[in-house]
Amino acid sequence: MKGGRFWAWVVFILGAAYFFIPLIATVEFSMRMRRGAYSFDAYQIVLGDPRFQATFMYSVIAAIFTIILGVLIVVPAAYWIRLRLPQIRPIVEFITLLPLVIPAIVIVFGYIRMYGSNSPLPFLGSDTGTNALLVIGYATLALPYMYRAVDTGLRTIDVRTLTEAAQILGAGWGTIITRVILPNVLIAVLSGAFLTFAIVIGEFTMASLLNRPAFGPYLQNIGANRAYEPAALAIIAFVITWGCMSLIQILSRFAPRSANRPN
Amino acid sequence: MTDLSLSNQTMAGKAAPPAEVRSLRLPTQWLGVAPFFIFAIMFLILPTLYLMLGAFQNDAGEFTLENIAALAQPSIVAAYWISIKVSLASALIGAFAGLAIAIAIVRGGLPNWIRSATLTFSGVASNFAGVPLAFAFLATLGRLGLATVILNTVFGLNIYAHGFNILSFWGLTLTYVYFQIPLMVVIITPAIDGLKKEWGEAAATLGATTAQYWRMVVIPVIWPSFLGTVILLFANAFGAIATAYALTGSSLNIVPILLYAQIRGDVLHNAHLGYAIAFGMIVITGLANVFYIWFRTRSERWLK
């Protein structure tokens, strides 16, 4: 057992070194802009860049729409499968895993070919349509995570009893989903939302191939043209990811722990 | 408890009054899942099928195998080969390192805060991919990166003189490992948690050595999740483009970068060859998943 603990420490320290050295190096590099002294010049330049602000806001808005779309698609489906259609669960789970199998670049390639301006559904014919297509693409990327989060949330509540109780009190389907089910799985939905946000905010492939002025292509552009700013941006991106994950952790403390009934 | 839930389920099947079931079955039964299926078909399945069919058509829309055959040209084969190598190497390194870390934090007798800190950090790092990750590694192992400079000035080891390059196979693999290890840790830790203490005690009572316990109990139990995660990591790396693109530009010709260039500017001068490349990517990630399912059913049967 003593030997086991020694090796555990060795593994942990090696792992910690591998993960922390790049972070330290990036912080150090990002502060090297002014000759001879450490400074936050690179951060000032990046944060003051109007293109940074514009692309970042664009991606934030895209992320918000992605989350809304994801919730609209996933919550009713996951609820309905638990309530009425458990037999199609394997199919739906298979579909939600597809975005992990089909690379994002292939999905967006398909969009470009299928929804071009000459197609029956010319998403790419207008700016609004292309923005919508980007949000749709992001929603497919987030689908596995959103579905898993919502399904886990639904597992901890008694869907059937809640639904029957609401029906007895005269609630319609819309009321049941928005005022009974959704509040009960809100924490799970928010976890999925923050994860979606973390995935979408710096996404490069889809935004770049759809020619959208998003944060990911901006990052790539800065990386190709500047020396110190990319390091500052990497740290900013890391902090955003960290923020999203911390919010999920904090939220999970409020989540109900055990199922009332195995469903 | 089990009995209760069972009877509840059988009850639930007959819960609604028969008349209502008959008249409303079709619309209400499918209405809730309709948006999901319409979305999945329109924006996930059809676009993919479109490309897959396009891979077997020529410009006139006739069936042909020429596009698939054209994949055999050296530059495309090389792109697939390097993609497979990077994905496999990063998946295997990530999987074994992640497994070691997971075992260390669960079974190694480390303080409790290390476990929770590692899991939190893994959640962050597994999502820290794409372009920013490339920047971090350029700042670390690029020509002017901190690790490069320190190795050179303090240890007198010029890694670039020894043939290392961040814009190479090993550079990209080392970078991918940064999100592969944490992903492995996040997925495999619950499986390690599932190893019951009693099994170890039972094995010890029966006179098993530690090695036998590992070989006959631990490995068979975590094998399916391990293999499944390796395949997930492989697919994860295989489709990734942003990190590689930001890291190497187009100097390292992996498949997603080739496809990216093809979508942007038809560099292969044949639109249907682009479809074929996409088709090849789906075949590879799809095959990986078939292997996963096959292995899992095999090992599950064996576990019984």
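Mentor: Happy to! Let us begin with a term: a residue is called buried if 20 or more other C-beta atoms lie within 10 Å of its own. By that rule, buried residues make up 46% of the 263 residues in chain A. Please keep in mind that this is a predicted model.

Now look at chain A as a whole. Among the contacts in chain A with a separation of 6 or more, 75% join residues 24 or more positions apart.

Here is a pair of helices to look at closely. Helix 3 (residues 50–83) of chain A and helix 9 (residues 186–201) of chain A have axes that come within 9 Å and cross at roughly 140 degrees. That angle makes helix 3 of chain A oblique to helix 9 of chain A, because only angles over 145 degrees count as roughly antiparallel. The crossing of helix 3 of chain A past helix 9 of chain A is right-handed. On the side of helix 3 of chain A, the residues that meet helix 9 are A:S59, A:A62, A:A63, A:T66, A:I67, A:G70, A:V71 and A:V75. Their partners in helix 9 of chain A are A:V189, A:A193, A:T196, A:F197, A:V200 and A:I201. Sorted by class, the residues of this contact are ten nonpolar, four polar and no charged.

Helix 5 (residues 74–107) of chain B packs on helix 11 (residues 210–239) of chain B at an angle of about 140 degrees, and their axes are 8 Å apart. Helix 5 of chain B is therefore oblique to helix 11 of chain B. Here, too, helix 5 of chain B passes helix 11 of chain B in a right-handed crossing. The residues of helix 5 of chain B that make the contact include B:S83, B:V86 and B:L99, while those of helix 11 of chain B include B:F226, B:L233 and B:F238. This contact divides into twelve nonpolar, five polar and no charged residues.

Next, see where the chains meet. In total, 71 residues of chain A are in contact with 64 residues of chain B. Helix 1 (residues 2–30) of chain A gives the largest share of chain A's side, 16 residues. That side has 52 nonpolar, twelve polar and seven charged residues.

What about the core? The largest nonpolar core has 168 residues, and those with the most contacts inside it are A:V74, A:V150 and B:F135. Helix 6 (residues 127–155) of chain A supplies the largest share of this core, 15 residues.

A:G36 lies in the loop between helix 1 and helix 2 (41–48) of chain A. A:G36 counts as exposed because it has 6 C-beta neighbours inside 10 Å. From A:G36 to A:V60 is 24 residues in sequence and 36 Å in space, C-alpha to C-alpha.

Key. Residues numbered from 1 in each chain as written. Chains lettered and ligands numbered in written order. Predicted model: local features only at pLDDT ≥ 70, side-chain atom pairs only at ≥ 80, totals over all residues. Axes fitted to C-alpha atoms, helices over the stretch in contact; angles between N-to-C directions. Helix = DSSP H or I, 4+ residues; strand = E, 2+ residues; numbered from the N terminus. Parallel < 35°, antiparallel > 145°, perpendicular 65-115°, else oblique. Left-handed = near helix turned anticlockwise from the far one by under 90°. Contact = placed C-beta atoms within 7 Å. Nonpolar A, V, L, I, M, F, W, Y, C, P; charged D, E, K, R; others polar. Buried ≥ 20, exposed ≤ 12 C-beta atoms within 10 Å, placed from the backbone. Core = buried A, V, L, I, M, F, W, Y, C linked by C-beta atoms within 7 Å.
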